[in-house]
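Please keep the sequence and the coordinates in view while reading.

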Amino acid sequence: MDNEKKTKPSIIIATATFTVMIISVAMILGIQIQTSHNVLAQSAKSNTTAANTVVRVTPNQSTNRTFWISTVHFDGTTTIHQGVACNNCTQNTPPHPAEAFPNTKLPAGPGLVLRPPNKVGAWDMRAFAFAPDQIVVNQGDTVTLHFLGVQGPHHVITVEGVGTFPLDRGQIHTVSFTADKPGTITYLCHVHVPNMVGEILVLPKPA
C-alpha cells in the first residue's frame, strides 16, 4: 500500500515535468519561427525599399557625341513541317510548329530576303539593319559615327549631308560632323534597300 502511495506522486511529478518540457520546447520553437519570420519580413522590406530608391544622376554635359553603328541582319528560320521532340539531344528544345510559306510579297530590294522551302521544307527570312538605327543628339553637338561592318560582306553607306562610302565586313569607317540644325539626318545602305535605314534626331537648343 505504501509503495502505491509513493508511486502515484512520482508519476504525477514525472508527468508534470514532461508536460513542462513539451511546453518549453514548443515555446522555444515558436520564438525561433517568429524570429525567422521577422528576419524574412525585414529582408523583404529592405529589398523593397532598395528597389524603390530613387537615384539622382547628373547627365554628361559634353557636346562631343560618339556612336558605334554595326551592320547586322536578323534571321528567322522555320519549316513547313511540325518539329519532333528529341529526348536524346543535349538541349531540350520544344518542337517547332509547322509554318506555311507566306504568300505576301515583300518590298523590292535585297535588304529583305525570303527564301522558299528547300527539299526538307525549311525556309527562312532575313532583314538587314543598322544597330542602333536611331540616335538622339542636341543641336550644336559634334557627332562622331564609327560604322562597323559585322554582317553582310559589302555595304555602300550614305550619311545625309556628310558623304557616301563603302564598308566591308571587318572594316571600320568613321565620319564626324556638327549637328548645327534641328531635325533628322538619315543614314542608309544603298545595297540593302529598302529597310537598312537609320536616323539621327537633332533636338533644338532650349529657347
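This is a predicted model: local features need pLDDT of at least 70, side-chain atom pairs count only at pLDDT 80 or more; totals for chains, interfaces and linings use all residues.

Residues are numbered from 1 along each chain as its sequence is written, and side-chain values use heavy atoms, with hydrogens and water left out.

Strands here are DSSP runs of E with at least two residues, numbered from the N terminus, and two strands pair if DSSP finds at least two bridges between them. Strand S6 (residues 154-159) and strand S7 (residues 163-168) run antiparallel and are joined by six bridges. Within this pairing, valine 159 stands opposite glycine 163 in S7. The hairpin of S6 and S7 has three residues between the strands, and glycine 161 takes a positive phi near 80 degrees there. S6 is also joined to S9, by three bridges and again in an antiparallel run. Threonine 158 takes part here as well, standing opposite leucine 188 in S9.

These strands belong to an open sheet of five strands with mixed pairing, in the order S4-S10-S9-S6-S7. Strand S4 (134-138) and S7 stand at the edges with a single partner strand each, so one side of each has no neighbour in the sheet. On average, neighbouring strands of this sheet are turned by 20 degrees against each other, direction ignored; the axes behind such angles are lines fitted to C-alpha atoms, and angles run from 0 to 180 degrees between N-to-C directions.

Another open sheet has five strands in the order S2-S3-S1-S5-S8, and its pairing is mixed. Its edge strands are S2 and strand S8 (172-178), each of which pairs on one side only. Neighbouring strands of this sheet are turned by 15 degrees against each other on average, direction ignored. S1 pairs with S5 in the parallel sense over eight bridges. Phenylalanine 67 stands opposite leucine 145 in S5, and asparagine 64 has threonine 142 in S5 as its bridge partner. S1 also pairs with S3, in the antiparallel sense and over ten bridges; valine 72 stands opposite alanine 129 in S3.

Phenylalanine 128 also lies in strand S3. This residue is buried, with a relative accessible area of 8%; buried means under 20%, exposed over 50% and partly exposed in between, for a 1.4 Å probe and protein chains only. The C-alpha atoms of phenylalanine 128 and leucine 112 are separated by 6.7 Å, although the two residues are 16 residues apart along the chain.

How many aromatic pairs does the structure hold? There are five. Rings of Phe, Tyr and Trp (its six-membered ring) pair if their centres lie within 6.5 Å, and planes under 30 degrees apart count as stacked, over 60 as edge-to-face and the rest as tilted. The rings of phenylalanine 101 and tryptophan 123 are edge-to-face because their planes stand at 85 degrees, with the centres 5.4 Å apart. Phenylalanine 101 lies in the loop between strand S1 (64-79) and strand S2 (112-115) and tryptophan 123 in strand S3 (residues 122-131), so this pair ties together parts that are 22 residues apart in sequence. Phenylalanine 101 is partly exposed at 27% relative accessibility, whereas tryptophan 123 is buried at 9%.

Phenylalanine 147 and tyrosine 187 form another edge-to-face pair, 5.8 Å centre to centre with 75 degrees between the planes. Because phenylalanine 147 lies in strand S5 (residues 142-149) and tyrosine 187 in strand S9 (residues 183-189), the pair ties together parts that are 40 residues apart in sequence. Phenylalanine 147 is buried at 0% relative accessibility, and tyrosine 187 is buried at 0%. Both residues belong to one aromatic cluster formed by Phe130, Phe147, Phe165 and Tyr187.

The largest pocket is lined by 13 residues, of which Gln61, Ser62, Thr63, Asn138 and Asp141 lie nearest its centre. On a 1 Å grid over the protein atoms alone, where a 1.4 Å probe fits, a pocket is an open set of points with protein on both sides within 12 Å along at least five of seven lines, and lining residues have an atom within 4 Å of a point. The lining of the largest pocket divides into three nonpolar, seven polar and three charged residues; Ala, Val, Leu, Ile, Met, Phe, Trp, Tyr, Cys and Pro count as nonpolar, Asp, Glu, Lys and Arg as charged, and the others, Gly among them, as polar.

How values were computed: Helices (H or I, at least four residues) and strands (E, at least two) are DSSP runs, numbered from the N terminus.
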